[in-house]
Amino acid sequence: MSFVQSAFGRFKQTVTAYAGDTPLMRAAVSASANVIVADGEVAGAEFEAALKGMLADPILEKGYDSLMLEEELYDAIGRARTRAGRMQNMHFIQAIAERPPEQRQGVFLIAADVADFEGISPPEHRALTEVAAALGLDRDALLG
């Protein structure tokens with residue numbers, strides 16, 4: 001990749017970050033929500049871990065404030081309580097499957113941190129497996 005292409009890519013990413021990257025944000029909240037609801041409990045600490053993870057992402061942090069992310073996460077958790085809603089969340093996750101690996105890995109790792117709050121339960125492992133598959137990632141390599 002030439003210097004000009006690389007510089008243009010970084011510029012485009014910066015502009016997207018400040019404008020808000022809705023597909024990336026929806027993927028992150030949807031992955032987190034599916035993991036949060038997987039074990040049947042919605043713990044406040046998991047919610048906070050998801051918010052911290054999203055706000056640590058440079059693109060999401062620049063494009064969205066905490067209140068906006070909280071609202072989106074509440075909506076995604078509401079969807080994740082039903083099979084149809086979890087499937088809708090998976091569609092939001094799959095929407096970024098062609099993105100650069102760093103963005104896909106970031107979404108997965110946010111969800112993994114949420115799951116790992118009190119140790120990853122078997123239902124959370126299944127949810128993370130689904131998220132990794134939707135993103136075209138190796139779950140075990142990222143959790144290792």
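Asn89 touches Ser30, Ala33, Asn34, Ala76, Arg79 and Ala80, leaving out residues up to four places away in sequence. The model that shows this is predicted. Asn89 sits in helix α6. Its relative accessibility is 0%, so Asn89 counts as buried. Buried here means under 20%.

Helix α6 also holds Gln94. What is the relative accessibility of Gln94, and is the residue buried, exposed or partly exposed? The value is 39%, so Gln94 counts as partly exposed. Partly exposed residues fall between the 20% cut-off for buried and the 50% cut-off for exposed. Gln94 can also be placed relative to Arg104. The two are 10 residues apart in sequence. In space, their C-alpha atoms are 9.7 Å apart.

Now step back to the whole protein. It has 9 helices and 0 strands. Along the sequence the pattern reads α-α-α-α-α-α-α-α-α. The protein has 144 residues, and 41% of them count as buried. Consider next the contacts with a sequence separation of 6 or more. Of these, 73% join residues 24 or more positions apart.

Next comes the core. The largest nonpolar core has 40 residues. Met54, Leu73, Val107, Phe108 and Leu135 have the most contacts inside it. Which elements give two or more residues to this core? They are α2 (22-38), α3 (44-56), α4 (58-63), α5 (66-80), α6 (83-94), α7 (101-115) and α8 (122-135). The largest share comes from α2, with 10 residues.

Set aside its neighbours within four places in sequence. Leu73 is then in contact with Val29, Ser32, Ala33, Ile36, Phe47, Ala50, Leu51 and Met54. Met54 is, like Leu73, among the residues with the most contacts inside the core.

Helix α2 can be followed through two pairings. Take α5 as the partner. The axes of α2 and α5 come within 8 Å and cross at roughly 50°. That angle makes α2 oblique to α5. The crossing is right-handed. From α2, the contact uses Met25, Arg26, Val29, Ser30, Ser32, Ala33, Asn34, Ile36 and Val37. From α5, it uses Leu69, Glu72, Leu73, Ala76, Ile77, Arg79 and Ala80. By class, this contact has 10 nonpolar, 3 polar and 3 charged residues.

Now take α3 as the partner. The axes of α2 and α3 come within 10 Å. How do these two helices run relative to each other? Their axes cross at roughly 160°. Angles over 145 degrees count as roughly antiparallel, so α2 and α3 are roughly antiparallel to each other. The crossing of α2 past α3 is right-handed. On the α2 side, the contact is made by Ala28, Val29, Ser32 and Ile36. On the α3 side, it is made by Glu46, Phe47, Ala50 and Met54. These residues divide into 6 nonpolar, 1 polar and 1 charged.

Val29, Ser32 and Ile36 of α2 take part in the contact with α3.

How values were computed: Residues are numbered from 1 along each chain as its sequence is written. This is a predicted model: local features need pLDDT of at least 70, side-chain atom pairs count only at pLDDT 80 or more; totals for chains, interfaces and linings use all residues. Side-chain values use heavy atoms; hydrogens and water are left out. A nonpolar core is a set of buried Ala, Val, Leu, Ile, Met, Phe, Trp, Tyr and Cys residues joined through side-chain atoms within 4.5 Å. Buried means under 20% relative accessible area, exposed over 50%, partly exposed in between (1.4 Å probe, protein chains only). Contact means heavy atoms within 4.5 Å. Axes are lines fitted to C-alpha atoms, for helices over the stretch in contact, and angles run from 0 to 180 degrees between N-to-C directions. Angles under 35 degrees count as roughly parallel, over 145 as roughly antiparallel, 65 to 115 as roughly perpendicular and the rest as oblique. A crossing is left-handed if the near helix is turned anticlockwise from the far one by less than a right angle, and right-handed if clockwise. Ala, Val, Leu, Ile, Met, Phe, Trp, Tyr, Cys and Pro count as nonpolar, Asp, Glu, Lys and Arg as charged, and the others, Gly among them, as polar.
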